[in-house]
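User: Please walk me through the helix packing, the sheets and the ligand site here. I want to know what each label rests on.

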Amino acid sequence: MGNVASQNQLSDVLQLTNLFALVVTLLGVEAARRFFQARAALARIGNLPGPHAIFGPYSPVSMILGPIPYFTQPAGMPFRERYSMHQTYGADVVSSGYMFNMNPTYLWVADAAIAKQMTTNRLDFPKPLQIYEVISLYGPNVVSTEFDEWKRHRRIVAPSFNERNNRLVFEETTRIVGELFDIWSTKGDGETVKIDSVVPVTSRLALMVISAAGFGYRFGWDDMEDRPAGRQMTFSTALSTALESIVLRIVLGDAILKLWKRGRRVIMAFKELRVYMREMIDERRQSAADGANGQADLFTNLINGTSSEDEGKTFEQLSDEELMGNVFIFLFAGHETTAHSLGFTLALLATHQDIQEKAYQELRSIVPEGDQLTYAHVVKWTYGLAVTYESLRLYPPVTSFARYAAHDTVLTTSSTDGKNTPIVFPVPEGIEIMINVAGLHYNPKYWNEPEVFRPERFLGDYNRDAFMPLAAGPRACMGRRFSEIEATTFLAHLLLTYRFEGTRLNDTETPAEMRERLLRWRQGTVTIVPEKVSLTFTRRRK
Ligand code: HEM
């Protein structure tokens with residue numbers, strides 16, 4: 001009896017061992033297949049060197065383990081490395097190669113002439129649309145389309161960004177900042193305000209500005225606005241929750257999100273946002289039909305270029321689904337980017353008091369004491385724009401963007417050893433090419449002492465092809481002026497009313513540690529995020 005039992009146990013163990021051996025063999029075969037696939041992909045680009053690893057940024061292993069040399073390379077690599085990966089591998093264009101990733105190889109471009117070529121020649125280097133699918137959840141839009149489809153979107157969307165809208169951005173930012181200062185003046189002695197982390201403030205500001213100047217939708221700083229009857233969330237809550245959770249929703253899907261409370265709230269936010277956007281479209285169509293379409297927000301222009309579904313669309317119009325896709329994209333594109341960029345600008349000005357003072361004095365020379373800030377003042381304040389650009393150079397919120405080669409070609413870059421030796425490499429059809437914005441912005445061939453915060457470099461001549469925080473060419477950012485006016489208006493009001501500096505976290509934090517912390521960053525959903533910018537604002541004496 002005992003013998004039979006132990007024989008059965010032995011056969012179970014043997015079966016398990018066989019199963020284990022089978023799994024290990026299959027994994028080994030798959031790893032070998034991927035290894036040779038990655039090798040072949042690298043051979044097609046002439047084995048251009050670069051940072052290679054087993055698991056790439058789209059692999060869950062990289063997401064969980066973080067960066068481990070040669071093993072994992074999580075998202076955030078371009079800003080961690082900036083120009084240093086080009087120096088390490090000796091060329092202004094390098095490759096990355098992975099065994100486990102969405103793509104086995106990419107090219108990384110920190111060469112201004114090649115970046116210009118890729119952003120200008122739209123048909124030779126189009127957008128790889130698969131990585132933009134996540135932002136089409138409410139409908140196709142100007143960011144997620146290519147070729148004739150994109151042209152139609154862009155033609156209809158472009159007139160929305162006009163001078164009247166820029167002025168509206170100024171007016172709405174002024175109103176919103178005024179409300180913020182009213183709140184601040186009720187805190188403590190009304191003279192000094194300590195903000196533990198500025199990102200929630202700049203995020204709320206960006207959300208309020210894009211909602212008001214984009215869609216004529218106003219709400220306050222404290223989200224105590226009334227929830228309309230029948231709605232589960234206010235517009236601002238639905239919007240901020242959806243924007244924060246877009247990746248979570250795509251990665252996990254509703255079936256998994258349903259399983260816990262926060263997940264269910266995310267699902268609800270996306271549903272509520274759809275209802276709000278639907279209502280906005282219907283209301284605005286109605287007022288357009290009533291002849292009341294003279295507003296300057298982005299949406300008014302957009303709606304004039306669309307037809308209601310019943311009427312059927314012509315080639316020059318957007319359908320309701322496409323309209324909703326573009327409404328969402330304005331909210332998405334105009335929020336996180338601006339919010340985080342403003343956070344970095346405040347951190348830089350707090351850690352460079354001389355530049356903060358210079359920005360104030362330059363502004364004061366334009367706005368006489370006692371005068372109200374106007375749109376004309378803001379447009380004239382070139383030093384304010386230079387500060388904004390220098391912040392975008394040092395901390396580009398979008399650290400890289402993608403194109404792919406539509407057909408085989410050959411490109412030439414140069415070495416990084418100071419000799420500028422030409423390096424020729426093949427670019428096979430289909431390969432994805434990342435414009436390494438952070439690499440371009442820190443490339444010493446284009447920027448003298450690239451690590452230094454020096455707004456003056458934007459007052460003179462500079463290499464425009466080496467500055468791509470908002471992309472370039474026909475697919476450059478459409479919200480460029482919108483975000484510039486918003487940023488400079490906010491900064492102007494702030495500097496005219498307050499001076500600000502970093503707040504120490506505790507008595508043991510040294511000034512050098514505080515400075516390092518104020519400029520610390522992490523990789524967010526789409527952009528890099530300032531991690532802990534705690535500031536003290538002190539009202540200027542008249
Ligand atoms: C600091 C703020 C901003 C930054 C850094 C930024 C950055 C960018 C970048 C890098 C692109 C190109 C993306 C790609 O090709 O993959 C882009 C495109 C775009 N941005 Fe912005 N953006 C900002 C603000 C805004 C604002 C405020 C809006 C709208 C109100 C906006 C609307 C758009 C649109 C519609 C496109 C797509 C253009 C096209 O493909 O034809 N952006 N932006």
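What follows is a set of questions and answers on the labels used for this structure.

Analyst: First, the ground rules. This is a predicted model; local features need pLDDT of at least 70, side-chain atom pairs count only at pLDDT 80 or more, and totals for chains, interfaces and linings use all residues. Residues are numbered from 1 along each chain as its sequence is written.

User: Why is H10 called roughly perpendicular to H11?

Analyst: Helix H10 (residues 246-257) and helix H11 (residues 261-289) pack at an angle of about 105°. Axes are lines fitted to C-alpha atoms, for helices over the stretch in contact, and angles run from 0 to 180 degrees between N-to-C directions. Angles under 35 degrees count as roughly parallel, over 145 as roughly antiparallel, 65 to 115 as roughly perpendicular and the rest as oblique. Therefore H10 is roughly perpendicular to H11. The two axes are 10 Å apart. Helices here are DSSP runs (H or I, at least four residues), strands likewise (E, at least two), numbered from the N terminus.

User: What makes the contact between H10 and H11?

Analyst: On H10 it is Leu-248, Arg-249, Asp-254, Ile-256 and Leu-257. On H11 it is Gly-263, Arg-264, Val-266, Ile-267 and Phe-270. Two residues are in contact if their C-beta atoms, placed from the backbone, lie within 7 Å. By class, the contact of H10 with H11 has six nonpolar, one polar and three charged residues. Ala, Val, Leu, Ile, Met, Phe, Trp, Tyr, Cys and Pro count as nonpolar, Asp, Glu, Lys and Arg as charged, and the others, Gly among them, as polar.

User: What makes H15 roughly antiparallel to H17?

Analyst: Helix H15 (residues 353-364) and helix H17 (residues 382-394) pack at about 150°, with axes 8 Å apart. That angle is why H15 counts as roughly antiparallel to H17. Ile-355, Lys-358, Ala-359, Glu-362 and Leu-363 of H15 meet Tyr-383, Gly-384 and Val-387 of H17. The contact of H15 with H17 divides into five nonpolar, one polar and two charged residues.

User: How does H7 pass H19, left-handed or right-handed?

Analyst: H7 passes H19 in a right-handed crossing. A crossing is left-handed if the near helix is turned anticlockwise from the far one by less than a right angle, and right-handed if clockwise. The axes of helix H7 (residues 163-185) and H19 come within 9 Å and cross at roughly 35°. Among the residues that meet are Asn-165, Val-169 and Phe-181 in H7, and Arg-481, Phe-490 and Thr-497 in H19. The contact of H7 with H19 holds seven nonpolar, seven polar and two charged residues.

User: How do you know that E4 and E9 are edge strands?

Analyst: Strand E4 (192-195) and strand E9 (498-502) each pair on one side only. Two strands pair if DSSP finds at least two bridges between them. Five bridges join E9 to strand E12 (residues 535-539), and E4 and E12 pair over four. The open sheet runs E4-E12-E9, with antiparallel pairing. Leu-535 in E12 is the bridge partner of Ile-195, and also of Gly-502. Arg-499 stands opposite Thr-538 in E12.

User: What is the pairing in the sheet E1-E2-E3-E8-E5?

Analyst: The pairing of these five strands is mixed, and the sheet is open. The edge strands are strand E1 (52-55) and strand E5 (400-404). The twist averages 25° from one strand to the next. Strand E3 (residues 105-109) runs parallel to strand E8 (residues 432-436), joined by four bridges. Leu-107 has Ile-433 in E8 as its bridge partner. Helix H5 (residues 112-120) packs on the sheet, touching strand E2 (93-100), E3, E5 and E8.

User: Which residues come nearest the ligand?

Analyst: Ala-333, Gly-334, Thr-337, Cys-477 and Gly-479 come nearest, of the 24 residues around the ligand. A residue is near a molecule if its C-beta atom, placed from the backbone, lies within 6 Å of it. The shell divides into 15 nonpolar, seven polar and two charged residues. Helix H8 (199-215), helix H13 (320-333), helix H14 (336-351) and helix H19 (480-497) each supply at least two.
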